[in-house]
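Subject: Structure handover

Hi,

Here is the structure I promised to pass on. Please open it and keep it beside this email as you read.

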Amino acid sequence: MSVSSPAVLGIAVPSPLRRLFDYRPAGAPPEGGWQPGLRVRVPFGPRRVVGVVVECRDDSDLPLAKLKPIEDRLDDAPLPADWLWLCRFTARYYQHAPGDTLHQALPALLRQGRALEARTRERWRVTEAGADETPESLGRAPRQAELLTMLRQHPQGMLAQAILAQSFTRPQLQALERKGLVARREEPRTGPADAGGPLLAEPVLPLNREQATALAALHEGLDAYHPCLLHGVTGSGKTEVYLQLIEAVVGRGRQALVLVPEIGLTPQTLARFKRRFRVPVVALHSGLTDHERLDAWEAAASGRAPIVIGTRSAIFTPLAAPGAIIVDEEHDGSFKQQEGLRYHARDLAVARAHHHGIPLVLGSATPSLETLHRAQSGDYRHLRLTQRASRHAPARLELVDLRGRPRRGGLIPPVFEAVEETLSAGHQVLVFINRRGFAPTLSCHACGWLAECDHCDARLTLHRQPPLLACHHCDQRRALPDACPDCGSADLRPLGSGTERTEETLAERFPDVPVHRIDRDSTRRRDALEQTLTEVRRGEPCLLVGTQMLAKGHHLPHVTLVVVVNADAGLYASDFRALEHSAQLLEQVAGRAGRAAHPGRVLVQTMHADDPHLRLLSARGYDALAEQLLEERRVAALPPFRFLALLRLEGAQEAAVTELGGRAAEALREHLRARELDVDCLGPVPAPMERRQNRYHLQLMLSAGKRSRLHEAGAWLTAWLEAEPAARRVRWSLDIDPQTL
Ligand code: ADP
Ligand code: ZN
Ligand code: ZN
């Protein structure tokens with residue numbers, strides 16, 4: 001077989017430029033010849049960087065003699081082809097630089113040029129000779145005899161670490177090894193390839209009728225792209241359906257990739273997967289060290305890990321034998337990366353499942369309008385679970401009118417009474433408040449001054465522990481002033497309530513019951529959240545005060561009352577998705593109530609108790625509201641009925657940003673007219689928070705009825721900006737399918 005030797009390698013190097021860079025191959029080609037996916041080290045400007053070969057060609061736009069040779073080849077075999085395909089798709093779809101895309105999709109150690117190898121660990125087991133030997137024959141070496149006895153009790157062998165932890169020593173192991181009684185083996189840390197034996201470590205739950213119907217529908221299409229929306233309230237048994245689907249997939253020797261929201265990958269979730277299966281389950285999340293991440297990646301790429309579960313970036317995990325992709329809580333905002341490469345892991349999951357020809361499950365109690373629309377239009381199969389496995393109706397939202405009622409710590413008297421009743425019945429209460437800190441801001445009672453950030457168009461949040469004013473949009477922190485900077489009055493008061501203030505008020509009011517606050521400030525230590533939740537799961541009456549960290553993922557079976565301190569902030573934001581997102585959040589919070597034997601109550605405080613959307617949500621639930629919102633989106637020509645892209649521009653100089661934004665818009669409109677492209681260009685307009693970290697933010701929106709048109713316009717615009725000298729002084733990025741405007 002002749003191995004081709006291309007004259008040119010098109011290489012993705014870490015750079016914001018939307019193109020490959022051409023180099024000449026040098027040194028010995030690998031056994032399989034030069035191929036896409038091989039990592040190389042190349043000179044790039046003054047630096048040497050790690051790049052990935054993406055194209056092997058015989059021509060270049062530059063004269064071949066001008067091309068620099070690569071310095072080094074780092075791989076003998078290319079990185080997995082499915083990974084490379086997904087990266088190229090992602091760069092194209094999100095119109096992002098290929099080099100930056102590939103780099104972001106690699107574990108840090110591979111980015112730095114390390115080999116794609118898993119670390120190993122040492123396992124010792126008795127040999128046949130060792131199994132026959134009587135330990136007494138080792139009479140003069142009693143510790144060796146004890147060691148042999150111990151190993152004989154572990155036919156699967158024992159890890160060196162565990163042996164040494166029993167106060168045995170390495171020389172003792174080596175002595176037995178020399179006598180041929182024990183043998184050592186290196187195995188990957190993520191677990192052995194195939195343990196053999198049964199797949200399941202615990203029996204499956206017998207499914208209810210709806211679950212069985214859903215699973216049967218999923219089983220039908222194991223060999224084809226087969227997208228499904230699994231639409232079921234919290235506790236309706238979606239996870240059980242995932243588990244049984246995974247069983248079928250793994251049983252056929254394939255791998256399952258499960259994506260969960262950042263907040264959802266709790267030790268509990270992971271434990272549930274690990275309890276069910278006897279095969280390795282590898283988890284990919286932000287808490288891993290670089291080495292652990294590489295191990296997990298290798299285990300997935302080699303096929304040794306049949307089940308891979310991870311947060312957003314896990315969508316870029318290569319799979320040797322992809323069998324199904326599951327996205328749990330598909331509506332969750334954390335699947336969209338909000339900076340740099342602005343990809344949506346759910347949407348990439350759809351593309352990837354399609355590419356591999358495998359089933360895709362999007363699960364949610366509150367599907368995004370995009371997904372719901374595709375299910376209704378027949379692109380996705382719509383599988384519903386309407387009953388809670390624990391057989392009682394989900395709690396309804398009860399609206400509580402805040403108008404004209406005195407508030408303490410954000411709560412009004414009838415709500416305090418409900419809290420009191422619940423606690424005296426021996427149950428737990430969850431108070432949800434989407435603002436951390438003591439109060440949203442500090443104000444002067446004499447003149448109305450409000451504490452504002454010097455760098456952003458935002459108020460400073462008042463914190464008590466420790467006491468200071470902090471901006472949640474930049475790093476600014478300020479000491480509390482003694483007097484109003486405007487009028488000198490000393491009558492400064494907190495305005496509104498945050499988690500700390502509500503916690504303080506509840507602790508005063510219910511001194512005999514523990515109050516646990518759960519927000520980003522109280523859980524900075526890695527295990528603090530789990531510790532608190534373990535305590536809470538014991539079931540003693542208590543109060544939980546928390547932000548969205550508490551709204552999702554965690555099972556809180558003893559909570560029977562949920563209080564939403566203020567439903568209004570999200571409802572009246574300018575963003576067209578604000579209503580959808582708040583309704584999802586409210587449903588998620590409500591889903592925390594009454595998961596065990598007791599039905600729950602959910603009290604939602606609002607200044608707008610007669611708002612039609614809120615009333616619809618309260619009376620008929622998320623699905624009914626979603627129908628209504630879809631209709632409104634159709635009328636307003638907004639997603640999912642149209643496709644959007646947002647050009648964001650930012651810079652220290654407002655004039656430079658405005659000038660560039662104006663010219664970009666003008667040039668684009670001209671182009672759209674000339675090409676008769678059916679794309680609308682709106683703006684430029686200032687971003688909702690115009691000044692952030694002392695930088696000025698501007699945006700330009702593109703909207704089209706056809707995705708291909710939107711991409712055509714976006715590609716033209718990025719090319720224009722890359723060629724425009726003034727654009728080098730302004731930071732800009734294109735966000736395809738923006739989630740927030
Ligand atoms: P979801 O993922 O939709 O929130 P889960 O799968 O976590 O729902 O199920 C909620 C609870 O009901 C879990 O404790 C689960 O063990 C239990 N459960 C799920 N399916 C069944 C079933 N078919 N029979 C009995 N219990 C079930
Ligand atoms: Zn004042
Ligand atoms: Zn700020």
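A residue counts as buried if 20 or more other C-beta atoms lie within 10 Å of its own. Cysteine 453 has 22 such atoms within 10 Å, so it is buried. Do keep in mind that this is a predicted model.

Why look at this cysteine? The UniProt annotation "binding site", from an unreviewed entry, covers Cys453, Cys456, Cys471 and Cys474. These four span 22 residues in sequence, yet no two of their C-alpha atoms are more than 8.7 Å apart, so they gather at one spot.

Now the surroundings. Cysteine 453 sits in the loop between β18 (441-444) and β19 (461-464). Beyond its neighbours within four places in sequence, cysteine 453 touches Ala458, Leu460, Cys471, His473, Cys474 and Gln476. Two of the annotated cysteines, Cys471 and Cys474, are among these contacts.

Is cysteine 471 buried or exposed? Cysteine 471 is buried, with 21 other C-beta atoms within 10 Å. Its place is the loop between β20 (467-470) and β21 (477-478). Again leaving aside neighbours within four places in sequence, its contacts include Cys453, His455 and Cys456.

Last, the strands. β19, β20 and β21 form an open sheet in that order, with antiparallel pairing. The edges are β19 and β21, each pairing on one side only. Strands of a sheet pair through backbone hydrogen bonds. Two bridges join β20 to β21. In one of the pairings, alanine 470 has arginine 477 in β21 as its bridge partner.

Best wishes

Note on methods:
Residues are numbered from 1 along each chain as its sequence is written. Chains are lettered from A and ligands numbered from 1 in the order in which they are written. This is a predicted model: local features need pLDDT of at least 70, side-chain atom pairs count only at pLDDT 80 or more; totals for chains, interfaces and linings use all residues. UniProt positions are given in the numbering used here, feature names are shortened, and annotations may be inferred rather than shown by experiment. Helices (H or I, at least four residues) and strands (E, at least two) are DSSP runs, numbered from the N terminus. A residue is buried if 20 or more other C-beta atoms lie within 10 Å of its own, exposed if 12 or fewer, and partly exposed in between; C-beta atoms are placed from the backbone. Two residues are in contact if their C-beta atoms, placed from the backbone, lie within 7 Å. Two strands pair if DSSP finds at least two bridges between them.
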